[in-house]
Amino acid sequence: MGVTHLALLAANYLRGAEGKKTAVLEWNNHGDFGRLGRMCTGQLRDISCYRIQDVDYYPQADGSRLVECLKAGYQEILIDFGSIEEQVYIELTRCGVVWIVMSFSEWQMEAFKEIAESKEEAKSVSWQFLTVFGSEESRREWNKRQNPKILRIPFSADAFTVTRELMEWMETTFMQSSFSGNVSRKNLLKRKKKRSIQR
């Protein structure tokens with residue numbers, strides 16, 4: 001679906017563009033953060049935290065790791081829950097902002113519709129639904145007739161490279177979902193003004 005890819009992109013944006021002290025927790029058993037950390041840092045053994053481009057990644061984290069991160073003074077803490085299960089849903093209700101990444105493919109629409117209709121939080125501004133795969137025509141039709149609206153994630157080949165297009169998308173999406181209230185409106189307006197002068 002692209003959940004981990006988006007988590008990395010968001011973390012790199014928050015650290016690189018917004019200057020926020022950022023942590024990303026892998027709250028699932030996929031093991032992606034361990035592989036990523038070893039590959040990017042050259043570590044030969046598993047460690048509890050990998051620092052990559054000034055963002056801290058915590059493999060296979062849990063509640064105790066989250067408490068540690070809260071005490072450590074991170075300004076932004078992103079959690080990659082992986083797929084939605086009942087226990088994960090309980091954790092999602094405790095988050096300030098939730099991004100659900102889904103595939104807009106015809107054979108997966110029924111499952112998404114069930115989530116959208118059954119979860120009251122799905123109607124909240126703090127829950128944002130996004131997609132990178134699937135039919136653009138189906139997405140537009142859904143947005144005309146149904147709620148919640150689905151945002152299209154721009155294609156990104158490299159989760160560690162935030163292009164101008166991605167930066168503009170992140171700024172807009174973060175502002176829409178009031179992301180921790182920490183994305184600087186002043187910085188956003190400053191960058192938009194600068195870009196308009198350059199054009």
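User: What order do the strands of the open sheet of four have?
Analyst: The order is S2-S3-S1-S4, and the pairing is mixed. Strands are DSSP runs of E with at least two residues, helices are runs of H or I with at least four, and both are numbered from the N terminus. Two strands pair if DSSP finds at least two bridges between them.
User: Is this from an experiment or a prediction, and what do the numbers cover?
Analyst: This is a predicted model: local features need pLDDT of at least 70, side-chain atom pairs count only at pLDDT 80 or more, and totals for chains, interfaces and linings use all residues. Residues are numbered from 1 along each chain as its sequence is written, and side-chain values use heavy atoms, with hydrogens and water left out.
User: How do S1 and S3 run, and how many bridges join them?
Analyst: S1 (residues 22-26) and S3 (residues 55-58) run parallel, joined by three bridges. Leu25 stands opposite Tyr58 in S3.
User: Which strands does helix H1 touch?
Analyst: H1 (residues 3-16) packs on the sheet and touches S1, S3 and S4. Contact here means heavy atoms within 4.5 Å.
User: New topic: Asp56. Buried or exposed?
Analyst: Asp56, in strand S3, counts as buried at 6% relative accessibility. Buried means under 20% relative accessible area, exposed over 50%, and partly exposed in between, with a 1.4 Å probe and protein chains only.
User: What polar contacts does its side chain make?
Analyst: The Asp56 side chain has one with the side chain of Arg51 at 2.6 Å, and another with that of Tyr74, also 2.6 Å. A polar contact is a pair of N or O atoms within 3.5 Å; within protein, one must be able to donate a hydrogen and the other to accept it, and residues adjacent in sequence count only if both atoms are side-chain atoms.
User: And helix H6, which residues are buried there?
Analyst: In H6 (residues 136-145) they are Arg139, Trp142 and Asn143. Seen down the helix axis, the buried residues fall within an arc of 95°, so they line one face of H6; the arc is that of the directions from the axis to the C-beta atoms.
User: What is on the other side of H6?
Analyst: Glu137, Arg140, Lys144 and Arg145, which are exposed.

Conventions: Axes fitted to C-alpha atoms, helices over the stretch in contact; angles between N-to-C directions.
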